[in-house]
Amino acid sequence: MEEPKGPLSLEDDKWRLLPSFFRSFGLVKQHVDSYDHFVAHKLNKIVQANKRVTCDADSGFFLEFRHVWVGKPTVEEDLVQRPVTPFECRLRDLTYSAPIFAQIVYTQNKIAQTKHSVCIGRLPVMLRSRACCLHGKAPDDMARLRECPLDPGGYFVVRGAEKVILMQEQMSMNRIIVDKDQKGCHMATVVSSTDERMSSRSSLVLRDNKFYLRHNTFIEDIPLFVVLKGMGITSDQEIVSLVGSDPIYADALAASLEEITRLGIHSTMQALIFLHSKFRPRMGQKRRSNLDQARECLISVIFNHIETRTIVDGTFTVDFRPKVVYICTMLRRLVRASLGKLARDDKDYYGNKRLELAGDLLGMLFEDLFHRLCVDLSKAANAALSKANRAQQFDPSQSLRPDIVTQGFIHAISSGNWVIKRLKTDRAGITDTVLRLSYISALGMMTRITSSFAKGMKVAGPRSLQASQWGMLCPADTPEGESCGLVKNLALLCAVSTYSDKTPVIKLCYSLGTEDISTLSGDDIAMNYTVFVNGDIVGVHCHPQQLLRAVRLARRKGHLDRHTSAFVNEQHRCVYIATDQGRTCRPLIICENGASRLTLKMLDDVVAGYKSWDDLMANGVVEYLDVNEENGALVAMRSHQVGPKTTHLEIDPLTALGCCAGLIPYPHHNQSPRNTYQCAMGKQAIGAIAYNQYERFDTQLNLLVYPQKPLMHTKTISLMAYNEVPAGQNSSVAVMSFSGYDIEDAIVMNKASVDRGYGRCIVYKKSSAPMRTQLNGSQDRLSGPPKPEPGQTSLPPNQRQYQTVEADGLPKVGATVQTDDVLINRQVPSASASAYSPSPICWKASVPGTVDKVLLTSNDKGELLVKVNTRMLRIPELGDKFSSRHGQKGVVGLIVKQSDMPFSQNGVCPDLIMNPHGFPSRMTVGKMLECVGGKAGAFAGRQGDATVFGGDTHTAIGETLVKAGFNYTGKDLLYSGITGEPTRAYIFFGPIYYQRLKHMVQDKLHSRARGPRATLTRQPTEGRSNKGGLRMGEMERDCLLAYGTACLMQERLMLSSDVFIAQVCEGCGMLASRNWCQTCKTSKGVMPIRLPYAAKLMLQELQSMNVLARIQLRNVT
Amino acid sequence: MDILVEEVNPRIIINSCSRNSIQFEIHGVDISYVNGLRRAVLNELQTLAIDECVFNRNESVLSDEFIAHRLGLVPIYTDDLDCVQEQRACACNRGCKKCTVTAEIDVTNDTDEPMMVTDKHIQVAKDMLPTRPNGDTLRCLPLVDVDSSLDAIPIIKLNPGASLHVDLTIRKGRGKVHAKWCPVSKCVAKPVPIIVFDDAGLEYLEDFRPYAQHFVDTVCPKGLFELTLDGRVTLPPENLRDCVLCGECERFSKDELPSGVHDAPALPDTLNACYIRTSRTAFLIDIESIGTIPAPDIFKMAKSVLHREYLVPVQAAIQQMTHDAEGFDGL
């Protein structure tokens, strides 16, 4: 696209901030930011929290971790640490990781020793993070490291596999949610979670006008006032006043007060005894005195995110007041909600959601692993120090087992199972392998969000698109089927907040006039606006807007973290300030006094590169808003809509979509599900995947021979560099019916186009084998092919599969391999000492392949690792799948000679013909616009613009077409290639970008006459890969049954499957051996019968369960 | 029996002709003949193309199949096509001097810069070329070596130090087997459009010059209509061959005329300016050669192929049938 010199108008050009944004942050900033935060802050914090290791045997012994940091990514070979690149790790099946170093201090003979940089484990390094060797590298340097500069990073290389930690969507912790339970009772729920304690869910429930506390440590709901009394508030009057002075509260609480009076609980002691009686019995709990246990529960189990313990002069003092105030605030919300004065909270509202990213998840994992490391160390110290006379001095740094951490990380990331003992969680599917089907599929994985919500639940709420997701999540990009709406994708500009310290915010709040609750009476609290920071009450304020303005000013000036959010909820009469991690935020241009703070001059500087995104942040031109703060903002979509009350201006509406939906031209003209389908199919499109694609060894790699930039591009396409690694080709498409082989979305393809390279792709397949070292020290080996018989020049026919193998046991590069030919002639040591038995890796595909690359290297165990890449050329054939960018997929129905194809006045033949029936029901008007826009672009000599909510207008397109001598609506008169006559109708004709999808006939073609059978049932095996049979299922059976073809059915179901001649004893009706019934001890009346083997198997299995089924035989004549 | 060879006696008017393209009108034939010609051009003409590549060494980034496909599409020129036979028609079984031409690419990049291998690097083995009937050795080489006005076709870039050595076999083939043997980039045969003016409708327009002017200026996307000095709408015959039969002039209605023009006369409710028909006996043929065979020759060759391989055998068959039928009648 031709770039005009400078920005012309704010409206048309403010999108040009985006390239600057992506230059500063890359495409997957959320992952990298989170990981960097973990490495820079969280890691140290976790270690500092449990830094001291002691042992029971020697009270004088201790070991302390001082400072912890992460080194550069290295690999250890022959006891030497050497820098390593991600690409080397991919090739050699290594883990791209960096050592975690610690400075440790420990006692030896009661003398403190210090050791600098002791490795406590290895941390997998996220690509493009600050710890990665690719960080800040220029494209040329990337090329030198054999890395693609377009690759977004944000994933890990673990044992050679690329793994991404998916973002996990969760309900936000420590926030009050007022809702109804299953029985329809109002309840206010808080899930409390802190760094130190396990998360626990506590709810206040309103049942029969009485308030209860629900928590799973108790066997039943506890009257709330019992809890409050247990916390030391014995005066009913005080409780009511803390809730509020309005009579509605007193009325609402009356029934509850009456209840505890009835229960006879007046004092703290009585309350605690009552609480103790309601504990759910737990296995293995330490027995303690009743009162202590109940008190401990109130302190650290219920609403445990409210800190009640303070250390004064080295001793704990407990102050329940903050917790009581918090409960009363909840109560107030609950009462008002139950009276209908306050709307219930929406659980699906995106402000109540938090995303857990790689950094958080790794943090949880590391905490657990580090704990294990310390326990292990302590055990080792115990064992060593408890010996009476030690041979040598105990050196704890030798007993430190970094493998615990290293292997823990590797195992968790490669399996995706997050087992965290402390939090008692066992989550599966946290990580996923990065799909390298296309550049978009890899990028799409980095923006993916999974929800922990159960897939089986049939509720619409969590799946449906929420208005609050605007600009944060892509409205189109979600899978179909069971995980529809649960797996989501980030919108283009969405950032996820990282944690920032809340103390500066709290300090700021106090200096801005927030009053501490501890000094205030209940009325004071209820009358003013409560100020929450990260869900904790810090105080009250009487002028919330002033507080808000000041906090925001401090954020814009850079005194507070850029992701800090502050907003007022007038219904709750609360000011919420958040600095926690996992909130989705997006940048917006700040507007003041009816004018955007972004001026044309600034934009000019940004486009020219004089100013970066960070400068704009620092100058208070743009800022991040999270979902909650957006509620208080008035955001103008276009700059001319900016009015006096407008607070923000959108950068561009295109940022509402994600990267996958950004590929679609004119998505705003399509029926919405079509965009969703395209989002899924864009990931299956074959094209270029990265600049280093020919260097890679992937399990399977599909590459288009001639990928093209789309003729109709979108701004998102250029932002994502899709033009550099495209996946598709511009095809001239005639929308007409032809030959009847185009029904049901099939497409008719031009043979000449196919001959000239249309849709041609190369499939690379990897075969690899490590030469394993066995337990007894013997090793697998490579061996040459068997020698031909003396006097023969070639191998005998039964050893033909060795023909491609050379003396080193590997095929020659460029050799053709047939089905079942040996690729890697590996031999493994047999049980007997010096013999080897063959264990070759063979070519499994049904068509020949060509050996493309052979890699000989070593893996992390030092074993020889062999990888052979084989390629196959795939020319489009009948049944291969193609799709446009509008969710319109179809298979090739017919390939037609060019002479038979219709042609236009100028002699243009379509590359493919699409049936017009694809349009009316799908309503993909965007495809039509792409067609005419592409045609106009082709004749104007430029890429057309089809960006969402913008792009070339159809009038401009039509005028360009008319100027070029075409019909305004893109219709041409075509001539039949078969008869030469003009077609009776004008044909919609123009270029449309088509993607070749990975589903190809060659991979699916399957038939079987005879073949393998399953051992147990003797029925034919299942599936193409096992050379299986084609099942005649129940419905097919029904057809034959209805048709009355009994013999055909018997043949299909028994004779061609698992027919078996069984011997049955006429006397006892049991299965017998040949001519002998073991039960009757006779050979008389043992008859052969024909039955499916599965039936015989069932009879025997029933027998094994003590069920005897007898077969009665009768003569049928 | 209207496909008798003798009866095909067309009249040809050449509109334009150069080495690489020819446009002409053909009169006095029917559509089946013209379409047959077009199909013969696309399917039946025999040309040369690289048909087999044996890779001795390929140190380039791209795979053998990739390069082979590119090489296949390189246009190969020869000055006497008849000198090379189709291999399947040749007496030999696996290629001889009469049916194959061998060539090779043997390039090593000795420079420090990436080097582009083009079709100029294709070296035809001179000693293996057949002799023409006049005694000269056949010329057979990539088109780029003949036509100096052409840019070399990039085949692949080689890194410093990399080399590429491919043995090539050039064979004769037809467009219906593979598009690389198709000698044209464009071949259109279409009926000549006939535009019949509706005199009554046109009169309304011509009566008021602004209307006529508007009609001439806007209605045809190709701008074929002209306005004479005396205010008559005309369609010069030479313009007619540019007509794309878009039907805009037929679809023209009075609503498209500018409204509120001073002194505008009243118009009838329906106003037809003209009707479009296509001729049944006159056709436009437009051939654009890829350069290996001159465009006029393509037409001539197609005609002879059509006659030799289709019309003559069909006619013979018809005659045989007629003959047989006569014998039957005699019984």
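A nonpolar core, as used here, is a set of buried Ala, Val, Leu, Ile, Met, Phe, Trp, Tyr and Cys residues joined through C-beta atoms within 7 Å. Keep in mind that this is a predicted model.

**Stop 1: the whole view.** Color by chain. Chain A carries 30 helices and 56 strands. Its C-alpha atoms fill a box of roughly 100 × 95 × 75 Å along the principal axes. Of the 1117 residues in chain A, 44% are buried. Take the contacts in chain A with a separation of 6 or more: 68% of them join residues 24 or more positions apart. Now check confidence. The predictor gives the complex an ipTM of 0.91 and a pTM of 0.90. Chain B averages a pLDDT of 87, and 96% of its residues score at least 70.

**Stop 2: the largest core.** Select A:A491 and B:V41. Within the largest nonpolar core, which has 259 residues, these two touch the most other members. Next, select helix α12 of chain A, residues 358–385; this helix gives the core its largest share, 13 residues. Return to A:A491 and show what surrounds this residue. Beyond its neighbours within four places in sequence, A:A491 contacts A:G471, A:M472, A:L473 and A:C474, and also A:T655, A:A656, A:L657 and A:G658. Then look for a second, separate core of 70 residues; A:L213, A:V226, A:I233 and A:C574 are among its members.

Stop 3: Select helix α9 of chain A, residues 268–277. Which of its residues are buried? They are A:A271, A:L272, A:F274 and A:L275. Look down the axis of α9(A): the buried residues fall within an arc of 160°, so they line one face of the helix. An α-helix has 3.6 residues a turn, so residues three or four places apart point the same way.

Move to helix α2 of chain B, residues 64–72. Here the buried residues are B:F66, B:I67, B:H69, B:R70, B:L71 and B:G72. What do the buried residues of α2(B) pack against? Show β3 (46–58), β9 (154–158) and β10 (163–174) of chain B, and you have the answer.

**Stop 4: where the chains meet.** Chain A puts in 27 residues and chain B 33 residues. On the side of chain A that touches chain B, select α24 (751–755), β46 (864–874) and β52 (971–975); these are the elements that give two or more residues. The residues on that side divide into 11 nonpolar, 10 polar and six charged.

**Stop 5: a buried proline.** Select A:P1020, in the loop between α27 (1001–1004) and α28 (1034–1043) of chain A. Is A:P1020 buried or exposed? A:P1020 counts as buried because 20 C-beta neighbours lie inside 10 Å. Leaving aside neighbours within four places in sequence, A:P1020 contacts A:G1011, A:R1013, A:G1028, A:G1029 and A:S1057.

Stop 6: Select A:S117, in strand β6 (residues 111–124) of chain A. Its phi is near 35°, a positive value in a residue other than glycine. A:S117 is exposed, with 12 other C-beta atoms within 10 Å.

Finish at A:N1075, in the loop between β55 (1071–1072) and β56 (1086–1092) of chain A. Phi of A:N1075 is near 60°, again a positive value in a residue other than glycine. A:N1075 is exposed, with 12 other C-beta atoms within 10 Å.

Technical notes
Residues numbered from 1 in each chain as written. Chains lettered and ligands numbered in written order. Predicted model: local features only at pLDDT ≥ 70, side-chain atom pairs only at ≥ 80, totals over all residues. Helix = DSSP H or I, 4+ residues; strand = E, 2+ residues; numbered from the N terminus. Contact = placed C-beta atoms within 7 Å. pLDDT = per-residue confidence, 0-100. Nonpolar A, V, L, I, M, F, W, Y, C, P; charged D, E, K, R; others polar. Arc of directions from axis to C-beta.
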